[in-house]
Amino acid sequence: MKLSVVIPVYNTASTLCRCVESVIKALPDDSEVVLVDDCSTDSSPALCDKAAGHPEVRAIHRRNNGGLSAARNTGIDAAQGEYITFVDSDDFISTDSLCGAVARLDNESATDFVEYPIFVHYGGSDARLLKFKAEVFDSMVSYWLDAQAYAHCYACNKVFRRRLFNHLRFAEGRAFEDVIMLPRLLQSCRRVALTTQGCYYYCSNAAGITMTATGQQLSDLLEAHCHVWKEGYLLKGRERSAEAARYYAHVVNIQLSVALQTGNELMLPELPYGGSWKLRLLHVLGMKNLCKLYRKICLFLHRF
């Protein structure tokens, strides 16, 4: 079988049909859709069974609710395709999103996954289309830093070789599991391709984690990035580059958000980067004091 599309489902009856229909329209020949119902309490289970009447769709019903990562892992275990991709059941994709990526993987044996454009928070006031230049990266360090992959770690807009998941699964019980997973996957990758073809519509959800993340959830995100700095694999040879400084500034912003939410959660080491007023202020105040200052400013502004 060519491709497995894993769709975790939890209480998304209002959007599930739209999602499945978009995937079926985009599905290459000899492919499958694996619906994983994570103990939904609405009509989603019945809709999954109805969709399974389509010859290319299978429905799996988990016995216990385990969250998005657990549902994805169930789908990975069940997937029969040479390639695998993930679509969330409240999102949808354009009809040209999968066939081109699969053809590319067929024709380029060294390419381990293809990433295609994504419309982030589609339908929301902060919607933005993340497009890519058609590029190929044989260096995962370049992909991480130059293409700023750290800012688009989404699992959903990528078509992977299934073998990348032979010994990897999404972290269960953790938030921002995509940011935890992608650096681990990149350690086994030889080549990554970015394409201009296709679009993933990541729909705005006021109740979603990116909009309502708690201090603990943001701490999971920060810890994932701190692990990248600690391991050093995705920075090797570029530790003092301007691109590494830009990445560090990105993580400092997460650190500040964690401090705002928790008041005391400090993980990111202080590193000698410049290039922005925030990093220069960090050198003067130190991370702890910068976090305190940021929290005081936010609390002050919140009064007005």
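Helix α11 gives the most to a nonpolar surface patch, with 4 residues. The model is predicted: local features need pLDDT of at least 70, side-chain atom pairs count only at pLDDT 80 or more, and totals for chains, interfaces and linings use all residues. Residues are numbered from 1 along each chain as its sequence is written, and side-chain values use heavy atoms, without hydrogens or water.

**Nonpolar patch**
- Val284, Leu285, Leu293, Ile297, Phe300 and Leu301 make up this patch of about 540 Å².
- Patch residues have over 30% relative accessible area (Shrake-Rupley method, 1.4 Å probe) and no salt bridge, and nonpolar side chains are joined within 5 Å.
- Both α10 (277–285) and α11 (287–302) supply at least two residues of the patch; helices are DSSP runs of H or I with at least four residues.
- Val284 lies in α10 and counts as exposed (over 50% relative accessible area) because its relative accessibility is 67%.

**Glu177**
- Glu177 is in helix α6 (residues 177–186).
- Glu177 is buried (under 20% relative accessible area) and has no salt bridge (a Lys or Arg side-chain nitrogen within 4 Å of an Asp or Glu carboxyl oxygen).
- The nearest side chain of opposite charge is that of Arg72, 4.1 Å away.
- Beyond neighbours within four places in sequence, Glu177 is in contact (heavy atoms within 4.5 Å) with Leu68, Ser69, Arg72, Phe170 and Ala171.

**Strand pairing**
- Strands (DSSP runs of E, at least two residues) pair if DSSP finds at least two bridges between them.
- β4 (residues 83–86) runs antiparallel to β10 (residues 158–161), with 3 bridges; Ile84 has Phe160 as its bridge partner.
- β6 (residues 113–115) also pairs with β10 in the antiparallel sense over 3 bridges, and Glu115 stands opposite Lys158.

Notes: Patches are made of residues with over 30% relative accessible area and no salt bridge: like charges are joined within 9 Å, nonpolar side chains (Val, Leu, Ile, Met, Phe, Trp, Tyr) within 5 Å. Buried means under 20% relative accessible area, exposed over 50%, partly exposed in between (1.4 Å probe, protein chains only). Lys and Arg count as positive and Asp and Glu as negative; His and the chain ends are not counted.
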